[in-house]
Amino acid sequence: MGSRSDGDDPSTSESLLLITTEDRQQRRSNTSSSPATAVVVFSTVVAVSGSYVFGSAVGFSSPAQTGIMEDLSMSLEEYSVFGSILTIGAMVGAVMSGKIADQLGRRRTMGLSEMFCLLGWLAILYSKVSWLLDVGRLLIGYGIGVLSYVGPVYIAEITPQNLRGAFTTVNQLMICIGVSVMWLIGTFIHWRSLALIGIIPCMLQILGLLFIPESPRWLAKIGLWKECEYALQQLRGENADISEEAAEIRDYTETLDQISESGVFDLFQPEYAKSLIIGVGLMVLQQFGGVNAIAFYANSIFISAGFSSSIGSIAMVIVQVSAAGTCLGCFLTGISFLLQDLQDNKGVSPILALVGVLVFTGSFSLGMGGIPWVIMSEIFPINIKGSAGSLVTVVNWFGSWVVSYAFNFLMKFSTEGTFFMFSSICCVTVLFVAKLVPETKARTLEEIQASMNPFIVN
């Protein structure tokens, strides 16, 4: 992998990690104004179609809950298994995601993932018994577990540094749209029809993958330099000068290749501690802040608070991409249930619950929904990105499973206590981000990774 040509002298070749600050700044200025070409935009749209599938799967269980429980005579405990088994499949997919993406490439991995999602939606559509429903949900979970890793990574690897942050955050926007569409349409149609709608974005992404280039950085990683440059030229435009960016990718990849051959690299080496702490920490805090508890069981929250589930779901769609304060949102929801026991506040409690859920949902969409995935796609070097990405994605989905499975039982134990707990975790998140998470704006992936994961080239 990444062998040098005969004319190259390893002792004099430039390494990204050894170039001077002035050289780095010069290179940054040469590439900072790269335009958003049609190929980059289209490739990003295709990639984030997987994020829409992700959102559709998450948003399905809330509007479908009443219909499925009635049609298949499922208990609350059985439906909790159905709701949370998505995350079991996602954990399995996450464990394998990095290895699959490294072996097959980013594009083919997305296609394979969508095949699992497609089979899962078909199983749910035609299910007559609860176990087939669970199998379908498990298959979808596996697919989105892989997609949740490979989608953001692919987008980060194909976009120029000045556009990477904006394009990567489209990933979260599409998740929000997927959840919103399911909540909105599910308010009015049968759950089987809703499952049929879930198939459409899977088919669209599979078709779109036929027309987009592979990640240049993955091609470089496996030593396909000509293919890497060709893909990079496609992405940057026919007349664009890609020499600086191609050289930077090549230098960094070859440096990593040399060091990995000497047996230095290992995921849990001290030099990667900061990246792992940030990556894992953000995923833990994202999930234990309560997002999937609200996403999976929004209808039951509104009903428990005495508010119309259909009106509440529609309102959540409206605020999916605007508002602030996940901590405040959970706190207000907790207060609403605390007030529910007071006779004089019966009318206040449902409205406060609605406001709290809406504030949380909008705030999450703007901040913690997308930021952990953006950071994850940026901070790990290409040589450990597969294993590190798998680890943090598994942590994310494990946290999602714990919260989504335990939520109904926590609500039975203490409704207000559940949301006060979520609120406290969201407050901790604010401190974590302020103290540890780095600014990555206007820096290349190679610069970010070199600064966070320093090592010495002998």
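**Helix packing, ring pairs and burial**

User: Why is Phe398 called partly exposed?
Analyst: Its relative accessible area is 42%. Buried needs under 20% and exposed needs over 50%. Phe398 falls in between, so it is partly exposed. This is a predicted model.

User: What makes the pair of Phe398 and Trp401 tilted?
Analyst: The ring planes stand at 35°. Stacked needs under 30 degrees and edge-to-face needs over 60.

User: Why are Phe398 and Trp401 said to be about one helical turn apart?
Analyst: Both sit in helix H17 (residues 382-413). They are 3 residues apart there, which means a separation of about one helical turn. Trp401 is partly exposed, with a relative accessible area of 27%.

User: What makes H3 and H4 roughly antiparallel?
Analyst: The axes of H3 (residues 76-104) and H4 (residues 106-125) cross at roughly 155°. Over 145 degrees counts as roughly antiparallel, so the label applies. The axes come within 9 Å, and the crossing is right-handed.

User: Which residues of H3 and H4 meet?
Analyst: From H3 come Phe82, Ile100, Ala101, Asp102 and Leu104. From H4 come Arg106, Arg108, Thr109, Leu112 and Ile124. By class, the contact has 6 nonpolar, 1 polar and 3 charged residues.

User: How many aromatic pairs does the structure hold, and which residues do ring pairs link into a cluster?
Analyst: There are 6 aromatic pairs. Ring pairs link Phe60, Tyr79, Phe82 and Trp121 into a cluster.

User: Why is the pair of Phe116 and Tyr142 called tilted?
Analyst: The planes are at 50°, between the limits of 30 and 60 degrees, so the pair is tilted. The ring centres are 4.5 Å apart. This pair links distant parts of the chain, with Phe116 in H4 and Tyr142 in H5 (residues 130-158), 26 residues apart.

User: Are Phe116 and Tyr142 buried or partly exposed?
Analyst: Phe116 has 26% relative accessibility and counts as partly exposed. Tyr142 has 13%, under the 20% cut-off, so it counts as buried.

Terms used: Residues are numbered from 1 along each chain as its sequence is written. This is a predicted model: local features need pLDDT of at least 70, side-chain atom pairs count only at pLDDT 80 or more; totals for chains, interfaces and linings use all residues. Side-chain values use heavy atoms; hydrogens and water are left out. Axes are lines fitted to C-alpha atoms, for helices over the stretch in contact, and angles run from 0 to 180 degrees between N-to-C directions. Helices (H or I, at least four residues) and strands (E, at least two) are DSSP runs, numbered from the N terminus. Angles under 35 degrees count as roughly parallel, over 145 as roughly antiparallel, 65 to 115 as roughly perpendicular and the rest as oblique. A crossing is left-handed if the near helix is turned anticlockwise from the far one by less than a right angle, and right-handed if clockwise. Contact means heavy atoms within 4.5 Å. Ala, Val, Leu, Ile, Met, Phe, Trp, Tyr, Cys and Pro count as nonpolar, Asp, Glu, Lys and Arg as charged, and the others, Gly among them, as polar. Rings of Phe, Tyr and Trp (its six-membered ring) pair if their centres lie within 6.5 Å; planes under 30 degrees apart count as stacked, over 60 as edge-to-face and the rest as tilted. Buried means under 20% relative accessible area, exposed over 50%, partly exposed in between (1.4 Å probe, protein chains only).
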